[in-house]
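Please find below a short note intended for a colleague who is new to this structure.

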Amino acid sequence: MTGGLLVSGAIAALFASALPAQHSPSAIADPPPDKIVIEVATVNGSGCPAGTAAVAVSQDNTAFTVTYSNYLAQVGGNSPATAFRKNCQLNLIVHVPQGFTYAIASADYRGFASLQPGATGTEKASYYFQGSPSTAYRSHTFEGPYDDNWQATDTTDWAQLVWAPCGVQRNFNINTELRLDAGTSDPAKTSFMTMDSTDGDISTIYHMAWKECPGR
């Protein structure tokens, strides 16, 4: 069974205006007019085998989309022993316009889950810049019985945003995971969870905040 995942990033300058002035950086910028260039350095994980993930950047500099075509975790029934956990780590080279930096402010995840009574499904994500000691971890758990689309939102307080270092190229890592636990469910019945949307809509939106680097 194959799950499809569309990941989109929306540049959110609104994050600056929505917060009290005392908690905002001194120089908050609208999305820079120059283009973002994003390259995939590496793709690793059982949820994104070779050739099943690609990145495209929008023309208006407001989004990047990562497309997955095989992201499914399952347990019970005839499921393979290792299928209960699937993950994908994207290592992205993000070229931003000179004089600007960015941070991930929130992410909205969506997918579909079919969980038997007693089973649970968990979505986890972490974000970090290569060489940085700061890593943001988030997780969301869904309990069976459940047979519907699911949605989860990760948020970060403005004061705790981890910004890409100015003047230094550091790859950005997005590490996601789906994990199924059969729990007390009937072992003959299958529970599964995908990181996708049954109607083909965007599944995950990464909201990005911008600011100008010092000395620009």
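Which residue in β12 is the bridge partner of Ser114? The model considered here is a predicted one, and point 1 takes up this question.

1. The bridge partner of Ser114 in β12 is Phe192. This pair belongs to the pairing of strand β7, which covers residues 100-115, with β12; the two run in the antiparallel sense and share 3 bridges.

2. Strand β12 also pairs with strand β5, formed by residues 72-75, again in the antiparallel sense, here over 4 bridges. Within this pairing, Leu72 has Thr194 of β12 as its bridge partner.

3. The side chains of β12 itself (residues 191-194) deserve attention. Ser191 and Met193 point one way, while Phe192 and Thr194 point the other way. In a regular strand the side chains alternate between the two faces of the sheet. Ser191, Phe192, Met193 and Thr194 are all buried.

4. A further set of pairings involves strand β6, residues 85-95. Strand β2, residues 37-44, runs antiparallel to β6 and is joined to it by 7 bridges. Glu39 stands opposite Ile93 of β6.

5. Strand β6 also pairs with strand β11, residues 172-181, in the antiparallel sense and over 8 bridges. Here Lys86 is found opposite Leu178 of β11.

6. Leaving aside residues up to four places away in sequence, Asn87 touches Asn44, Gly45, Ser46, Gly47, Cys48, Tyr71, Asn175, Thr176 and Glu177.

7. For the chain as a whole, the secondary structure consists of 1 helix and 13 strands. Their order along the sequence is β-α-β-β-β-β-β-β-β-β-β-β-β-β.

8. Of the contacts in the protein chain that link residues at least 6 apart in sequence, 81% are between residues at least 24 apart.

9. Finally, as regards burial and surface, the protein chain has 216 residues, of which 44% count as buried. The chain exposes about 10500 Å², and carbon and sulfur atoms supply 50% of this area.

Note on methods:
Residues numbered from 1 in each chain as written. Predicted model: local features only at pLDDT ≥ 70, side-chain atom pairs only at ≥ 80, totals over all residues. Heavy atoms only, no water. Buried < 20%, exposed > 50% of the residue type's maximum accessible area, 1.4 Å probe, protein only. Pairing = 2+ DSSP bridges. Contact = heavy atoms within 4.5 Å. Areas by Shrake-Rupley, 256 points an atom, 1.4 Å probe, with all protein chains shown as cover.
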